[in-house]
Amino acid sequence: MRRPQSSTRNDSTDRTTRRSFLAGLGSLGLAGLGTSPGQASARSDAQRGGSQSVGGLFTDSEELEAFVDDVMADRIGTTTPGATIAIVSGETPILTKGYGTANTDVDAPVRANETVFRVGSVGKLVTYTAVMQGVEQGVLDLDTDVNSYLGDSTVSVPETYDDPVTLRHLGTHTAGFESLLDPDIVADPAAVDSLESVLVDQQPERIRPPGELVGYSNYGAGLAGHIVARAHDTTFEDYVQSEIFEPLEMTHSTFAQPVPSDQPGTLAAPHIRDGESFLPADDVYINMRAAGSLSATATDMAAFMQAHLSDGAFGDGQILDAETVGTMHSRHHVRHPAVTNWRYGFHEYGDPNANLVGHSGATVNFTSYLLLAPDHDIGIFVAYNSKPSELPKAVVDEIVAASDLQTVPTEPTPTAEPGSRERAETVAGEYSLSYLPQRGPLQAIDLLEHLTVEPATDGRLRTTTLEGTARQWIETEPYMYEAIRGHDVLAFEVTDGEVDVLHMNSEPTGVYQPVPSHERQAVTGGVLGTTVAGFGLSLAGWAGQSVWQRSKRHRDDDTPDMEVAE
Amino acid sequence: MTEQPHTQQQTGPSSEHDAHSRLGHGVKHRLTSLPWLTRAAGIVLSGVSLGFVVLFVFVLETEGDLTLLTRPLSMQVTLSLPFLVAALTLVTTAGSLLAWRYRYWSLATRIHQTILALLGLAFSWQLWTLGFLTP
């Protein structure tokens, strides 16, 4: 594979905020972090010519292309230097198109069938498709202890709880592993290690019984990939190559790192901001490869979506049978009936009743989003060769908003149940996401991502983030709040007047849990500010005193000589 | 006083030996002096704490946020400082307790040293909360 030469420059003027980076780094698949939680960025229908029927937008490819061109025109060169898009309708790709440049150093245009993007956690969908192939063949079972597949592997899951971890837990991120966020990202290709070694070296603790709460886990996806490899007595990369990429003719796709030089296509360069422009950056490598090392073109991802929308078939081949596809697309974990839940590997998107499933992806400087609408046989894939604050999901949001893939949200009707104010006060507080690290320097991300909930007027609820995003919610049922605009929902689970967990519809990868008072942002900010100021004053005082004493000594020493001179 | 310049100008082997001896004795005296060590720990605690904050921001700004994941030497050094802060906090706190017990220094100095210990404890608590004191 050819790759345009890239700069090795590090850029300190990257306009992506540090908070955004911290929130997004290592969070393959959690690219939504760093943006306003749950805020759809789709513009109003009026701006794009109004909502259209699915048939209208997706059957007329010229109209679709014009629409997407319009959507991307606002973003290329400002949000991202390059993008690649694939939209399929059942077995047919109806739009595969590249936008902008693959590498700003050589001004190479993005070509949908030629330019390879790192798609990050969207690659997990390939991993979980491989798991379902094993289930279909009878070599894997979703409800069997994963340790039974690990045999003499050096990897094994500790028996911390009575219930074992199963492949169903791994595919729904409910295994209860402590979050590491970092899928062992390395900058040096020589540091790329075997999947098995990485799973041993980076093994997280089990901090929750399996099946209890969603907590996005790169480790879980890596482990699923390792189990696939062991079940078929091969490597994960080789298995996926022969059983998924070849049948789907995904000739430009690979999980290998670095991308082999003989791989077809040209790898886009990742970019960072430099003022108003973009600079190529060094690529990184993801050791937990089954969690996010996939590189692919939009055309290849179109083939992957076509198979998922065509009962597993692609051309003359079949990667899954129809029943298995149906199983994979059905719900496997319900965190709360009113919010987005988990299919196998996919999470639900938007209106939980719309049967839209998707997954986001990110490496350090690539981002992507894949959405399937199985009821409409529509698939959408968007990838950027940068990591802006507004992510590729925003493009998907606009396309969805312009179609009938889900119902247009209406103004929520306030509950008639009295006591809204009291309930709002009950749920008021600060909340932390379950998938954020609870140890190591990346734990700071948890603090930055806290969600503050407080009562607002008229029994409404107000949520804010450190970033300053404020949203208003209307209580439609006791302890259930709908966003004033959009499909977002907050669902609190309350026991004896205390909140156990908060589910946010737009945050399917984790749940919010109440933060103890002493771990709130104001406490941390206040203590850090006070201590740093105190240390600074102390040092300044000590230095001042030293100077004064030296000066005084010097004066005292000089005085007799002057007297003698006199 | 008039003899002092003359004394300082002595350069013979004997005077050099005396100077070295005095210096060695002074250093030894300080390193075995709990009051001096406690004061030094408080000052170093302040410096290392501020140094950590400055260095952390500096490394992120100059070498990029990715260093949090890839951990080059500069970030490894930076992330080792919180452990030094915690150790210095323990020394400063223990020293402050001894200072009140054995009435080291003036009252103002003891209060200052106690404040430094409290700041160290609070700072270390937040370093722990933010994950800088865990592997």
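How many residues of chain A are in contact with residues of chain B, and how many of chain B with chain A? In this predicted model, 35 residues of chain A are in contact with 31 residues of chain B. On the chain A side, the elements that give two or more residues are helix 1 (18-24), strand 5 (185-186), helix 14 (444-448) and helix 15 (521-565). Helix 15 of chain A supplies the largest share, 13 residues. By residue class, this side of chain A divides into 21 nonpolar, 10 polar and four charged residues.

Chain A also holds an open sheet of seven strands in the order 3-2-1-16-15-14-13, with antiparallel pairing. Strand 3 (108-109) and strand 13 (347-348) of chain A are the edges; each has a single partner strand, so one side of each lacks a neighbour in the sheet. Strand 13 of chain A is joined to strand 14 (residues 357-362) of chain A by two bridges, and A:E348 has A:V357 as its bridge partner in strand 14.

| Helix of chain A | Strands of chain A | Angle |
|---|---|---|
| Helix 3 (residues 61-73) | lies across strand 1 (82-89) and strand 2 (92-103) | about 25° to strand 2 |
| Helix 12 (residues 393-401) | touches strand 14, strand 15 (367-373) and strand 16 (378-384) | about 150° with strand 16 |

In chain B, helix 6 (residues 107-129) has 23 residues and reaches 33 Å from its first C-alpha to its last, close to the 33 Å expected at 1.5 Å a residue. Its buried residues include B:L116, B:L119, B:G120, B:F123 and B:L127. Helix 6 of chain B is followed by B:G131, which has a positive phi near 90°.

Definitions and conventions. Residues are numbered from 1 along each chain as its sequence is written. Chains are lettered from A and ligands numbered from 1 in the order in which they are written. This is a predicted model: local features need pLDDT of at least 70, side-chain atom pairs count only at pLDDT 80 or more; totals for chains, interfaces and linings use all residues. Helices (H or I, at least four residues) and strands (E, at least two) are DSSP runs, numbered from the N terminus. The expected span of a helix is 1.5 Å times one less than its number of residues. A residue is buried if 20 or more other C-beta atoms lie within 10 Å of its own, exposed if 12 or fewer, and partly exposed in between; C-beta atoms are placed from the backbone. Two residues are in contact if their C-beta atoms, placed from the backbone, lie within 7 Å. Ala, Val, Leu, Ile, Met, Phe, Trp, Tyr, Cys and Pro count as nonpolar, Asp, Glu, Lys and Arg as charged, and the others, Gly among them, as polar. Two strands pair if DSSP finds at least two bridges between them. Axes are lines fitted to C-alpha atoms, for helices over the stretch in contact, and angles run from 0 to 180 degrees between N-to-C directions.
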